[in-house]
Structure formats: C-alpha cells, structure tokens
Amino acid sequence: METFFLFCFLFGAVFTAVSVLLGFSGSLSIHVPGGHGGSTAVSHVGQGHLSSTHAQPSTNHAGSHASDHVEHATPFPVHVHLPVFNPSALLAFTTCFGATGYILTRFANWPVLIATPVAIVPGLLAD
C-alpha cells in the first residue's frame with residue numbers, strides 16, 4: 001500500500017507541474033514595435049491587457065486615443081458554479097492524500113487501515 005500512496009503523490013505532483021507549464025504556454029505574447037497598429041509595446045495575458053503604450057502621431061489626442069483603446073472585454077459571470085470534482089480539485093486531493101499516506105506508512109510506520117482514513121483528511125482539505 002505504501003507504493004500506492006507514493007504513486008498517488010507522484011502522479012498528482014507531476015500532472016500538476018505539467019498542467020501549470022502547459023497552462024502558461026501560449027498565454028503570454030509580446031508584440032514588437034509596429035506589429036500592433038503603431039504600438040510600441042503591448043503585453044497580453046489571457047484575454048486582458050497588462051500594459052500598453054501607443055504612439056500617437058495625431059494632433060487630435062482625444063479622438064485617436066479613444067479609438068486605439070477598444071477593449072476586448074469578456075463579461076464576467078456574476079454567479080460562478082465550480083464543480084466539486086473538477087480536475088484541479090482531484091489532483092490536489094490525490095497529491096495530498098498520497099503524500100500524507102506515504103509519510104504515515106513509510107516514516108511513522110502506521111498501519112494501512114489507520115493511515116488511509118487519516119490521509120483522506122488532508123486530501124479533502126486541499127480541495
């Protein structure tokens with residue numbers, strides 16, 4: 001059973017690390033000068049703008065500035081329903097359950113019948 005706990009911990013930890021790395025790929029993009037309609041630097045994260053600096057060749061600053069800053073806003077739902085068994089919650093449970101179970105059986109020499117229910121508690125708290 002010690003091997004099962006170790007597998008749960010390693011699976012959860014590795015899958016979480018891979019998910020984080022894949023989650024960051026493609027979400028950051030930097031446009032070089034002249035690539036965004038005359039902008040000098042624009043950074044995007046996900047759907048929103050972090051910062052933008054626009055070159056303003058026009059003398060009518062208010063009119064050109066307003067037209068350059070059209071936001072692509074996505075409406076944020078007021079009520080967000082998160083499922084209890086989403087992938088992130090299952091990974092958190094698996095990782096904490098495995099780590100706790102492994103530590104209790106390997107280093108504290110607890111019997112499996114006692115270590116398993118005790119290991120479930122940190123797994124549930126991680127959700």
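Begin by selecting phenylalanine 4, which is partly exposed, with a relative accessible area of 38%; here buried means under 20% relative accessible area, exposed over 50%, and partly exposed in between, found with a 1.4 Å probe and protein chains only. Before going further, note that this is a predicted model, in which local features need pLDDT of at least 70 and side-chain atom pairs count only at pLDDT 80 or more, while totals for chains, interfaces and linings use all residues. Residues are numbered from 1 along each chain as its sequence is written, and side-chain values use heavy atoms, with hydrogens and water left out.

Phenylalanine 4 is placed in helix α1, where helices (H or I, at least four residues) and strands (E, at least two) are DSSP runs numbered from the N terminus.

Next, show the aromatic rings. A search of the whole structure finds 7 aromatic pairs, counting rings of Phe, Tyr and Trp (its six-membered ring) whose centres lie within 6.5 Å, with planes under 30 degrees apart called stacked, over 60 edge-to-face and the rest tilted. In one of these pairs, the ring centres of phenylalanine 4 and phenylalanine 97 are 6.5 Å apart and the planes stand at 70°, so the pair is edge-to-face. Because phenylalanine 4 lies in helix α1 and phenylalanine 97 in helix α3, this pair ties together parts that are 93 residues apart in sequence. Select Phe5 and Phe93 as well, and you will see a cluster in which ring pairs link Phe4, Phe5, Phe93 and Phe97.

Stay with phenylalanine 97 for a moment. Is this residue buried or exposed? Phenylalanine 97 is buried, with a relative accessible area of 8%. Leaving aside residues up to four places away in sequence, phenylalanine 97 touches Phe4, Phe5, Cys8, Thr116, Ala119, Ile120 and Gly123, a contact being heavy atoms within 4.5 Å.

Which residues make up the largest nonpolar core? Select Phe5, Cys8, Phe97, Tyr102 and Ala119, the 5 residues of that core, which is a set of buried Ala, Val, Leu, Ile, Met, Phe, Trp, Tyr and Cys residues joined through side-chain atoms within 4.5 Å. The elements that give two or more residues to this core are α1 and α3. In soluble globular proteins, nonpolar side chains tend to be buried together.

Now look for charged side chains by selecting glutamate 2 and arginine 106, which form a salt bridge with their closest N and O atoms 3.3 Å apart; the term means a side-chain nitrogen of Lys or Arg within 4 Å of a carboxyl oxygen of Asp or Glu. Glutamate 2 in helix α1 (residues 2-24) and arginine 106 in helix α3 (residues 87-106) are 104 residues apart, so that this pair links distant parts of the chain. Glutamate 2 is partly exposed at 27%, and arginine 106 is also partly exposed, at 44% relative accessibility.

Follow the chain onward to asparagine 109, found in the loop between α3 and α4. Asparagine 109 is exposed, with a relative accessible area of 61%, and its phi is near 55°, a positive value in a residue other than glycine.

Finally, zoom out to the whole chain, which has 4 helices and 3 strands, arranged along the sequence in the pattern α-β-β-β-α-α-α.
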